[in-house]
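Here are a few exercises to work through with the structure on your screen. Try each one before you read its solution.

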Amino acid sequence: MENVSNVDQLESIKSFQSTISKLENALSQMTEKGANTTLVKKRLKAVCIGLAMLENVWNQRPRHHTHEELAEARNVLTGLFPSIENIYAKSKAGSPQRTLLERRIKALELAVQAIDDLSNE
């Protein structure tokens, strides 16, 4: 994996933690309403794996995921790019939302790269 500054590492980890929190809240609300939670559960698992991969690469934290789980997580994470990039394109330059989206895109790219690097070992 490319050299990533400590600031980018911290921002990427915070971005994943924030995304996990949002997905957990959405899952809780959807479960209460009896809505279909399959997609949210899939995304939550993928984002958790993405965070674990970054923490594995940068902080040498152990990871416990199979190649199948990593492949599924990679597919789900890359599937998030079009919608995030679409929202980014509509966001106002210099806005807090745009900054958040830039960090989220960077974090997702780094997680996918970490999964790819591991798969190529």
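**Exercise 1.** Work out how α1 and α4 are oriented to each other.

*Solution.* Start with the helices: α1 covers residues 6-33 and α4 covers residues 96-119. (Helices are DSSP runs of H or I with at least four residues, numbered from the N terminus.) Next, take their axes, which come within 9 Å and cross at roughly 100°. (Axes are lines fitted to C-alpha atoms over the stretch in contact, with angles from 0 to 180 degrees between N-to-C directions.) Angles of 65 to 115 degrees count as roughly perpendicular, and α1 and α4 are therefore roughly perpendicular to each other. Now look at who touches whom: α1 brings residues including F16 and K22, and α4 brings residues including L100 and R104. (Contact means heavy atoms within 4.5 Å.) Sorted by class, this contact of α1 with α4 holds 6 nonpolar, 4 polar and 6 charged residues. (Ala, Val, Leu, Ile, Met, Phe, Trp, Tyr, Cys and Pro count as nonpolar, Asp, Glu, Lys and Arg as charged, and the others, Gly among them, as polar.)

A quick word on the model: it's predicted, so local features need pLDDT of at least 70 and side-chain atom pairs pLDDT 80 or more, while totals for chains, interfaces and linings use all residues. Residues are numbered from 1 along each chain as its sequence is written, and side-chain values use heavy atoms, leaving out hydrogens and water.

**Exercise 2.** Find the angle at which α2 and α3 pack.

*Solution.* Helix α2 (residues 38-59) and helix α3 (residues 67-90) pack at about 105°, and their axes lie 9 Å apart. That makes α2 roughly perpendicular to α3. The residues in this contact are 9 nonpolar, 1 polar and 5 charged.

**Exercise 3.** Find the salt-bridge partner of E72.

*Solution.* The partner is K42, with the closest N and O atoms 3.7 Å apart. (A salt bridge is a side-chain nitrogen of Lys or Arg within 4 Å of a carboxyl oxygen of Asp or Glu.) E72 sits in helix α3 and K42 in helix α2, 30 residues apart, and the pair links distant parts of the chain. By this rule, there are 5 salt bridges in the count.

**Exercise 4.** Which element gives the most to the lining of the largest pocket?

*Solution.* That's α4, with 6 residues. Elements giving two or more residues to this lining are α1, α2, α3 and α4. By class, the lining has 10 nonpolar, 4 polar and 3 charged residues.

Methods. Parallel < 35°, antiparallel > 145°, perpendicular 65-115°, else oblique.
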